[in-house]
Amino acid sequence: MKINTRSITLAATLTALCAVTGFIPFVFFLPVMVAATTLSIGMVAFVGLAFGCVSLAYSYLMPSSIVSFAFIDAPYIAIIPRILAALGAFAVYKLIEKLAKPKSKVGRVASCSIAAVTGSLFNTVLVVGMLVLILPSLEFGDYTTMTYVPVMLINGAIELACMAVLTPPVSLTLDKVVLRGKRRGETDAVKAAQADYSCELSGEQEQPVQHSDNDGAERATDNKRP
């Protein structure tokens, strides 16, 4: 998809939604997955970056788990995995579109769901993996990074299921109403304008050629000359 006003507007809306879904457990990654299945690669990376920045901001404002303190100690853990997860979901979605070329509604739902599952899985694996490798001894209350890994994996599994169910209807609706719907409207407007212009040309061509009386008199005089 080319970058245009509609895609920029949708990317900005999804970026704003990252701040809202950040308060909702297990669905906070939804705007990124919707972006991965509707927008261009640049916009997808931007939304992933925005989500990482929002996660980092929440860690400073409302630290609630060992993950929040890990993001404060190593901010890149909050940002890099989110960008890579968004791009991974985008790549999977485009690959399915290229190879399978889903046309039916069921096929399109399946492609969105698979891409969302991939992105959620990438997000969990990358975040947990970087925490274990970079901050294995970080402590928060009775937990350390290593003892908190099962909790993160369970939360990641629930998030994966939510992304698989919620991403397809949201993505397909936005693609139909916001993106494809407006493109069809613009196409119809262009066709209507072209039709009006063709009618005007046809009307001009059908008008009879009128000759002035002087031209008729001159032709009559020329005919009478020897």
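A residue is termed buried when its relative accessible area is under 20%, exposed when that area is over 50%, and partly exposed in between (1.4 Å probe, protein chains only). The model is predicted: local features need pLDDT of at least 70, side-chain atom pairs count only at pLDDT 80 or more, and totals for chains, interfaces and linings use all residues. Residues are numbered from 1 along each chain as its sequence is written, and side-chain values use heavy atoms, with hydrogens and water left out.

**Overall architecture**

- The protein contains eight helices and two strands; these are DSSP runs numbered from the N terminus, with helices (H or I) of at least four residues and strands (E) of at least two.
- Along the sequence, the elements follow the order α-α-α-α-α-α-β-β-α-α.
- The protein has 226 residues, of which 36% are buried.
- Of the contacts (heavy atoms within 4.5 Å) between residues at least 6 apart in sequence, 75% join residues at least 24 apart.

**Largest pocket**

- A pocket is defined on a 1 Å grid over the protein atoms alone, as an open set of points where a 1.4 Å probe fits, with protein on both sides within 12 Å along at least five of seven lines; lining residues have an atom within 4 Å of a point.
- The volume of the largest pocket is about 770 Å³, taken as the space filled by probe spheres set on the points, with grid points joined across faces, edges and corners.
- The lining comprises 28 residues, and those closest to the pocket centre are Phe 28, Ser 65, Val 67, Phe 71 and Arg 82.
- At least two lining residues come from each of helix H3 (41–61), helix H4 (66–73), helix H6 (105–134) and helix H7 (145–206).
- By class, the lining has 16 nonpolar, ten polar and two charged residues; Ala, Val, Leu, Ile, Met, Phe, Trp, Tyr, Cys and Pro count as nonpolar, Asp, Glu, Lys and Arg as charged, and the others, Gly among them, as polar.

**Aromatic pairs**

- Five aromatic pairs are found in the whole structure; rings of Phe, Tyr and Trp (its six-membered ring) pair if their centres lie within 6.5 Å, with planes under 30 degrees apart counted as stacked, over 60 as edge-to-face and the rest as tilted.
- Phe 28 and Phe 51 are stacked, at 5.7 Å centre to centre and with 5° between the planes.
- This pair links distant parts of the chain, 23 residues apart: Phe 28 is in the loop between helix H1 (5–21) and helix H2 (30–36), and Phe 51 is in helix H3.
- Phe 28 counts as partly exposed because its relative accessibility is 24%.
- Phe 69 and Phe 140 form a tilted pair, at 5.1 Å centre to centre and with 40° between the planes.
- Here too the pair links distant parts of the chain, with Phe 69 in helix H4 and Phe 140 in strand S1 (residues 139–140), 71 residues apart.
- Phe 69 is partly exposed at 32% relative accessibility, and Phe 140 is partly exposed at 28%.
- Phe 28, Phe 29 and Phe 51 are linked into a cluster by ring pairs.

**Nonpolar cores**

- A nonpolar core is a set of buried Ala, Val, Leu, Ile, Met, Phe, Trp, Tyr and Cys residues joined through side-chain atoms within 4.5 Å.
- The largest core has 26 residues, and those touching the most other members are Leu 14, Phe 29, Val 32, Met 33, Leu 39, Val 47 and Met 163.
- H1, H2, H3, helix H5 (76–99) and H7 each contribute at least two residues to this core.
- A second, separate core of 18 residues includes Leu 56, Phe 71, Val 128 and Met 152.
- Apart from neighbours within four places in sequence, Phe 29 contacts Phe 51, Arg 82, Ala 85, Gly 119, Ser 120, Asn 123, Glu 159 and Met 163.

**Ala 116 in helix H6**

- Ala 116 lies in helix H6 and counts as buried because its relative accessible area is 0%.
- Beyond neighbours within four places in sequence, Ala 116 contacts Met 33, Met 163 and Thr 167.
- The C-alpha atoms of Ala 116 and Thr 37 are 8.1 Å apart, although the two residues are 79 residues apart along the chain.

**Positive phi values**

- Phe 26, in the loop between H1 and H2, has a positive phi near 75° although it is not glycine; Phe 26 is partly exposed, with a relative accessible area of 27%.
- Lys 101, in the loop between H5 and H6, has a positive phi near 50°, again in a residue other than glycine; Lys 101 counts as exposed at 53% relative accessibility.
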